[in-house]
Amino acid sequence: MPFFRASALQTKLRRELWQMRGQMLAIALVIAGGVAVFLLSLVNYSSLTATRNQYYQDYQFAEVFVTIKRAPRHALQQVAAIPGVTRQSGRVEGAATLEVPGFSDPVSARLVSLPATGQPALNRLYLRYGRLPAASRSDEAAVIGSFADAHDLMLGDRLDAIINGRRQSLTVVGIVESPEFIYVIPPGGMLPDFKRYGVLWMAQDALAPAMDMVGAFNSLVLQVDSSVPIPAVIDQLDRLLAPYGGTGAYARADQFSHRFLNDELNQLKTMATIFPTIFMGVAMFLLNVVVGRLISTQRDIVAVLKAFGYSNRQIGWHYSQLVLVIAITGLLIGTAAGLWLGRALGELYMDYYRFPGLLFRVSPWWLLLLAVLTLMVAWLGGWRAIRQAAALPPAEAMRPEGPARYRVTVTERLLSWIRFTQPSRMIVRQLARRLGRTVLSVTGVAMATAVVMVGNFQLSSVSLMVHTQFARVQKQDLAITLTDPVSQAALFGMARQPGVRYTEGRRVVVAELVNGHRKWRTALTGIPSDAKLQFVVDEHLNDVPIPPAGLLLTDFLAARLAVSPGDHLQVRVLEGPRPRLSLPVAGVTSEFLGVSAYMDLAAMNRVMREGPVVNQVLMNLTPGQADTVYQDLRDAPRVMAINIRQAMLDSFYDTLAKTFLTYTFIISLLGGIIAFGVIYNTVRISLAERGRDLASLRVLGYSHNEVSHIILGELAILLVLGVPLGWFFGQAIASLIVTAMQTELYRVPLIMTDKTLALAANVVIISALVSGFITWWRLRNLDLVAVLKTRE
Amino acid sequence: MNGLSPALPVFQTRDLTKTYRQGEVEVQALRGIGLELFTGELVVMLGASGSGKSTLLNILGGLDVPTSGEVNYQDIDLTRANDRELTRYRRDYVGFVFQFYNLIPSLTARENVMAVTEIARSPMDPEAALALVGLANRMDHFPAQLSGGEQQRVAIARAIAKRPKVLLCDEPTGALDSATGVLVLAALDKANRETGTTTVIITHNASIAQMADRVITLSDGKISKEYHNPTRQDPRTLSW
Ligand SMILES: Nc1ncnc2c1ncn2[C@@H]1O[C@H](COP(=O)(O)OP(=O)(O)OP(=O)(O)O)[C@@H](O)[C@H]1O
Ligand SMILES: [Mg+2]
């Protein structure tokens, strides 16, 4: 006695599934696509969130941050006395240029002090290799992992640092990561550049004298008791530190690394919603069509089963099983693929998010929910057809389906000027007679086209975004951010240096923009009215002139602050004399990368009550002479960071673009699978429905090719109608995605290039050709006798 | 029983009508049928095409409900039965043989029979049922591998395997030649004699009437003629 004996209906199910395996697999793959995209995003989201939270907790990531000009260490006692402050750590920070042996580009670094006890109370370091610098050694440094990796630094390697104009030789004793620098971006830049920017930790006793900060601190980080509101602490802190030149305390939400990580996580969340919804929608649609048609070819079987006493429920369950088997297949493939891809993509993230390691997390509850949702969606997709089968009155089912009332259709009359061959007439009549079905098929083709577009448009959009930013907007080869403002007169000196073609100065200050309860901490940039290098552009990439009075805001920022041109905005500059201004918004700009606020340089110098000074220098270089300029810059004092355009571009493609494009590549691939699934099913179903007609024609003496013409001609018409409709759908979905995925870091523009449209059409057409070929092949081998013997 | 003993009526119908409405057009398929069928009886039903034979059979078999009138199977009121009760009735009492065989193409002969025996209360072995119709050696063939007559015999095996109380056959020999038709009829006759199943056979072929206990002729939705055969002919002696 076999352990498990399948019932006859189970046997039927198994054989039919096997017989239609191509179609079933195509649908299962579509479901798998949805599941995989969902899991992929979910795994990344939960893993990154869990990793970050654990990291923050284990390494005591601070909650409030503030930079000060110079405060005496005894002020720390007053800080500790602020109600709610549980821990604090006063540090010395500084900037340096580094000389890495064998690397000629200018390298800038941020220096952070470590207390004599080694690990600080907050923002503790994760030691990847080695140890922390000894308290008494002024020549030891711990280096952030991103920088060490980029230069293959080993323990014991030496670096020269120019700190405050003085050259100092440093030995790498540790390679570390910090929760403060998970996303490492040079000041003034928007993108990571691991080779040219690093973070170094040195002993307080070594750094303080070099920075003229003995007995003082210029950076403070805090943790706050959870029962005390953070804004209250910030208020008190600002009041306390104002005399020492505090630039305004801010919470984690405004901390650079944290903010970008948050953006990324939110983006993942969006992707985890939008793409699976599209994929599942298509899968549901396919199931609806395929199961519907399958059942309609089995009307007589349903009738017999009912005649012999199978209940509606048993029939319904039988066909539900069919759907569930497909769904479970899709679920399993999708789960495996999603977990695997999620893991792989997670590792990619680790390249530019500096965590001690990735905690691979996915909640079993989410998996369960996903499984339940998938099965439900699939079942709902088949529901209409299943219910129809279950409700089919048994006597009714003995008759062939529906009133097949052929008539000369309007379409045909409209097209009467064409002299149709009989097969062509059959195509037109079939499409017009089954109008509902034709609409479904065209929609299917359109969805396939749209899905490929949605996966793909981002490739060209991202390229355009980067190209625009670095060729059209940022015309400078080099941007140098200075630690302190210099007179504009110094620019003329720089311009005369060999290799420098042109220089332009800007003044960048930290400011808080306030509109009612909406606040945004950002850089406020003063641009000379005759700026030639970095433009601000509107959405059509036209230059926006700098207004003599008033602000220009990035559109993303204007939206966040809920202001439009003409409105007034409170501007609290957090540096120098800390002026509080009320400025009109003169216009909005549309950079794709970063957000910023701009005003006229002279106006800024006026409100800052300073002479004509700048603290950022943009340069154009003579081609081929970059190295000379870099050499000079190494020894220049007061350089905080140097952003090289080409380097940023390279680093963009190396880091952000890599994950982004990997993600969209996966999506496009899955889109292609969907497209194929839809088209293949459309063709196969039409073949199944017409098999008898076609066999009859063959018997009447039509050739194989003439008969193929009917199926393939029908397909061609579906494509001609479906692809343009798909372009339209794709555009709509893409604009939805683009809007949902805007972040502070970058905003991908909605660009549909001809290439994208053509690619989508091609994927669909190739799917159609392959499906068409399979059909042609099947028709060749069509067993005329067998087809005609079976009852319609 | 051969119609001689005063048997109990299993089916009783009164003033049975069935009207199909399709858009504007009304078709009166049955116009007042009064009929009694008895336990173990073998009835042949004759009638012109469109006279309402299949319609009547469908109603007797609980596949369809009448527009008006009464129909009872023993103490079950088929007129007022709901869908669930009709399903129960079909499952427990009725075996069907359809004109177009209606086998499930993806199942073998044996599995086609099993599809019914699996849900029946006290079925025969599927193998025994197939042996009864002379297909013991073709059990593992798919319908597409069987001739029309063989397929029809599988359909009969499927119908009798559940040991139904009533066996309803709609033109079981319609598509068969005389020799094969005889084999099929012999199988039905045997089942009727051996299990006492009340059997109704619809046919266009008047010579088949000789194997019946009783012959009923429908015309235009009414019973136009009805007679008892003094003796049932062995189907093997029939030919057409
Ligand atoms: N679903 C239906 N809708 C409309 N009319 C129907 C339907 N079913 C049957 N009819 C009509 O009812 C009448 C009786 O049909 P029925 O199938 O009972 O005839 P029949 O005696 O079995 O004929 P045949 O010997 O050709 O099978 C016919 O006129 C038929 O057209
Ligand atoms: Mg009939």
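## A salt bridge between the chains

A:R15 and B:E111 form a salt bridge, with 2.6 Å between the closest N and O atoms. A salt bridge here is a side-chain nitrogen of Lys or Arg within 4 Å of a carboxyl oxygen of Asp or Glu. By that rule, one salt bridge is found across the interface of chain A and chain B.

The model is predicted: local features need pLDDT of at least 70, side-chain atom pairs count only at pLDDT 80 or more, and totals for chains, interfaces and linings use all residues. Residues are numbered from 1 along each chain as its sequence is written, chains are lettered from A and ligands numbered from 1 in the order in which they are written, and side-chain values use heavy atoms, with hydrogens and water left out.

## The interface

Nine residue pairs are in polar contact between chain A and chain B, both residues at pLDDT 80 or more. A polar contact is a pair of N or O atoms within 3.5 Å; within protein, one must be able to donate a hydrogen and the other to accept it, and residues adjacent in sequence count only if both atoms are side-chain atoms. On the side of chain A that touches chain B, the elements giving two or more residues are α1 (8-19), α8 (299-307), α9 (312-352) and α11 (394-397). Helices (H or I, at least four residues) and strands (E, at least two) are DSSP runs, numbered from the N terminus.

In contact terms (heavy atoms within 4.5 Å), 27 residues of chain A meet 32 residues of chain B. The area buried between the two chains is about 2,400 Å², and carbon and sulfur atoms give 60% of it. Buried area is the accessible area (1.4 Å probe) that two parts lose on being put together, summed over both.

## Strand β9 of chain A

All seven residues of strand β9 (residues 197-203) of chain A are buried, meaning under 20% relative accessible area, while exposed is over 50% and partly exposed in between (1.4 Å probe, protein chains only).

Two strands pair if DSSP finds at least two bridges between them. Strand β4 (residues 107-114) of chain A runs parallel to β9(A), joined by seven bridges, and A:A109 stands opposite A:G198. Strand β6 (residues 140-144) of chain A is antiparallel to β9(A), with two bridges; A:A142 has A:W201 as its bridge partner.

## B:E36

B:E36 lies in strand β2 (residues 25-38) of chain B. B:E36 counts as partly exposed because its relative accessibility is 34%. Leaving out residues up to four places away in sequence, B:E36 touches B:P9, B:F11, B:Q12, B:E41 and B:R214. The side chains of B:E36 and B:Q12 are joined by a polar contact of 2.9 Å.
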